[in-house]
Amino acid sequence: MTSTSPEIPAAGSVDLPISVETPRRSLLVQLITGMLSFLIIAVPSTLSGLFFLDPILRKRKAVSDDTADGEVPRKDEAGFIRLDVTKEAVPQDGTPLSVTVNDDLVDAWNMFRDVPVGSIWLRKVGDGPILAFNSICPHLGCSVDYIREENEFYCPCHASAFALDGKKMNDIPPRDLDVLEVSMRTHGQQDANGHEIWVKFQNFQRATSDKIVI
Amino acid sequence: MIALINWLETRTGVKALMHEAFNERVPGGARWRYVWGSTLVFTFVLQMITGFMLWSAYSPSTRTAWESVYHIQHEMFLGNIIRGLHHYAAQGMVVLMAIHLIQVIIDGAYKAPREVNFWLGIVLMMIVLGLSLTGYLLPWDQKGYYATQVTTNIMSATPVVGREVQVLAQGGSDYGHLTLTRFFAMHAGILPTLLVGFLVLHIYVFRRHGLTVHDPKRAPDTTFWPDQVLKDSVACLAVLAVVLLLAMFRAPELSAPADPAVKFDAARPEWYFLFLFRFLKFHAVESLGVTFGAIIVPGIIMGIIAAMPITAKVLGNLGHTLNRAFTWALALGVVVLTLMAFYEDANNVEHQAALTEAHRDGQRAIELSTGPDKIPVEGAVTLLREDPFTHGPRLFAQHCSSCHRFNGHDGRGSLVTEAGKTDEAPSVIAAPTAADLGGFGNRQWMTAIVMDYSNHFAWMKNSTWFRDAQAKHAAGGTVDYINPDSSEMADWTSGNLDALKSADNADNVKALVEFLAAETGHAGTTYDAALVEKGRDLAIKGSWAGALNGTSCASCHDTIGQDFPTQPDDSTASSYPTLAKYASLAWLKDFIRHPDAARHYGAKNQMVVYSSQKLSDENLDLLVRWMTNDYTASTVHDYQDQLEVLKASLASNASGVAAPKGNK
């Protein structure tokens, strides 16, 4: 037990030249030690890194539909969603109409049935076709407003402006407003004269000149 | 490269620092016995790495904690491995800490001048135990919830400030969102920060005094790098390999979501606290109260350990010997108590049944959460609360199993027992006094009713009402009761048995059974439509071959083949039980509510009438839907059939017990 007696000086208080007493270490031992030390940290770190990449690496599962038997589903296989408003609700004079889009939303472990997932602008000129724009600004993702006095779409965040046909009016946004596919239907079936408005609701990558689906 | 190191060196002194760190003297050469401290540091780093990852996906609230842990383990990429590593490394840390502590005491490394470092180590140990305890609750599953309840209730037994300590830990008078946010802040923030701080001090002081070397002349001196580092990293690699293999092949359990309304009979602390759990169960300890067993005794033990440097100082070598003896005795006690707890649990039928139920519930919760509808916002706990597969068996055990059995057990997999004849006698297996309802309404059941009526209902003959009625009958009195051996139905079956068994009627019996089983509408079985129609004809018209021809079910049970009325009443009741959609959901619900109605058994009824006061509509629905297979199909391993076990134990234990012969 001599080694634990108080007489033993604290390490470092005696300055012995260690290299003199230390046998020469082969490079191999150093190499192996280095590799092992690296390994014990690299393995959990790599596993953790892959876990952190889950949002990129994991395949999403298909979402079920809870439509009752005999009912026309609210969303078809191509991704078109029936809006709550019909053709009649869209002003004839070309004034845009803001509409909320509802869909089933999967958020990690939860599923929310039929909840708002975004908003769009609908517009119709005379008897022409209905246009739909995603109301998210393609610049940096704020919401685009309709300014009645100017008769244009305007983003309050960074002053992006768009004409009512969606064309950009200044150089702030990288591209025009994102146009969404529209399909007029009756009881879910394609019908150019139908009153139901079905929209393929999608969000697109912001801050690029290309329209890339997220 | 060298230039860069030199540049850095002149500004930070990094080279000197590395030199200091790696060239520490190891007198007497590198040894395996020095690795334990390093493995502890490594395990802590592993916990930091995996802990940060889990943090990135964990959501502390009573409606999202279980859900996010489920998501991590069953949905996320490598989530099972990351959770598994964290789970097993936590246990590894406790084991390594125990080894480290014992070694320090045995080697006398706690003595002067290392007393302060010894105390720092004890603080670190407390922090690690605190981390284990707080982490156990975070998944918010039944296991963690009920085990931690015990711990926080023990806290409340602390003299003077107990209640306040408990409320502070819980974030309120009961468990809730704030319990999780507070435990999480402790687990991922406060305790790790303290641990890092004390660890730095611990290592600093350790370096000041160096290793405790017994035999400096054993081998030439060496340096920490690379000789000791090599041994340390091999040991760390072994630790990593063990936890990784465990994580890969033995995924940590996630039991059912915490539900204060659902008892959890399988509650146990983590295995390394089992010794304390077992200690508290000693009658002598129990009688002295929780404060004594869970606070005073562990407090004294910790006090003795903390005082070891002083003991050794005051008493010299005798003190050290006493300290070592105490440590060995304590270690032995912990091992013996832990083994006792394991052994007793393994041989405790009730605990094993509770464990089976816990696994069944947990797997079911995961099964339902994996479904296409995912988890409702109200939390996964509602998935189970509304699940007949989970709650049907419990309701059966609570309300039905005093007379009925389900495949021989009480619905929850256990045999039903009753007190022995005398106060001292051990409890015995109780004989059922009503039908075994396993497979109620399926083809086998219907076959038994048609072909084997008396035998099928033989359990009834164990009941007091049956024996009383028989005695009264024997004494010459008139009694109107259900007698499986002698009733119109029993007589029809036994009187026509030859005809029923004749080759001419083989297909007819099959058809009748198919019809009766199809009428139940139980999910999970497909029926042969042609056979069902043929059976319907037999039941209503009686188109049998031979002597049976013309005897139809409908001649007594006149509602057979009809729908069960939505508003059943007795206006058209005959003196025979209605077989309108017999054993279906609607029939069963009405029967349980009104077994004594004229449409069922009328005055002959012996079953308890379950009014909505006794069994709520919600619970009736869960029970009946379970019995009629009306729930999301499950692949979870269900309770084992105990019928043969029951029959065997009844045959060996008691005389005169009636039981159906043959297999079901």
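Which domains does the domain assignment of chain B give? Domain 1 covers 22–260 and domain 2 covers 443–653; these bounds come from an automatic or database domain assignment. Colour the two separately: their C-alpha centres lie 60 Å apart.

Some housekeeping before the next stop. Residues are numbered from 1 along each chain as its sequence is written, and chains are lettered from A, with ligands numbered from 1, in the order in which they are written. This is a predicted model, where local features need pLDDT of at least 70, side-chain atom pairs count only at pLDDT 80 or more, and totals for chains, interfaces and linings use all residues.

**Chain A**

Now select chain A. You'll find 3 helices and 11 strands, taken as DSSP runs numbered from the N terminus (helices are H or I, at least four residues; strands are E, at least two). Follow the sequence and the order is α-α-α-β-β-β-β-β-β-β-β-β-β-β. Of the 214 residues in chain A, 20% are buried. Here a residue is buried if 20 or more other C-beta atoms lie within 10 Å of its own, exposed if 12 or fewer, and partly exposed in between, with C-beta atoms placed from the backbone.

**Helix α4 of chain B**

Next, pick residues 65–74 of chain B. Helix α4 is largely enclosed by the rest of the structure, because 9 of its 10 residues are buried. Among them are B:Trp66, B:Tyr70 and B:His71.

**Where the chains touch**

Show both chains again. The contact takes 51 residues from chain B and 38 residues from chain A; two residues are in contact if their C-beta atoms, placed from the backbone, lie within 7 Å. On the side of chain B that touches chain A, α3, α4, α5, α9, β2 (222–223) and α10 (224–249) each supply at least two residues. Helix α10 of chain B gives the most, with 8 residues. That side of chain B divides into 27 nonpolar, 15 polar and 9 charged residues. Nonpolar means Ala, Val, Leu, Ile, Met, Phe, Trp, Tyr, Cys and Pro; charged means Asp, Glu, Lys and Arg; the others, Gly among them, are polar.

**Last stop: B:Asn442**

Zoom in on the loop between β4 (428–429) and α19 (443–451) of chain B, where B:Asn442 lies. B:Asn442 has 19 C-beta neighbours inside 10 Å, so it counts as partly exposed.
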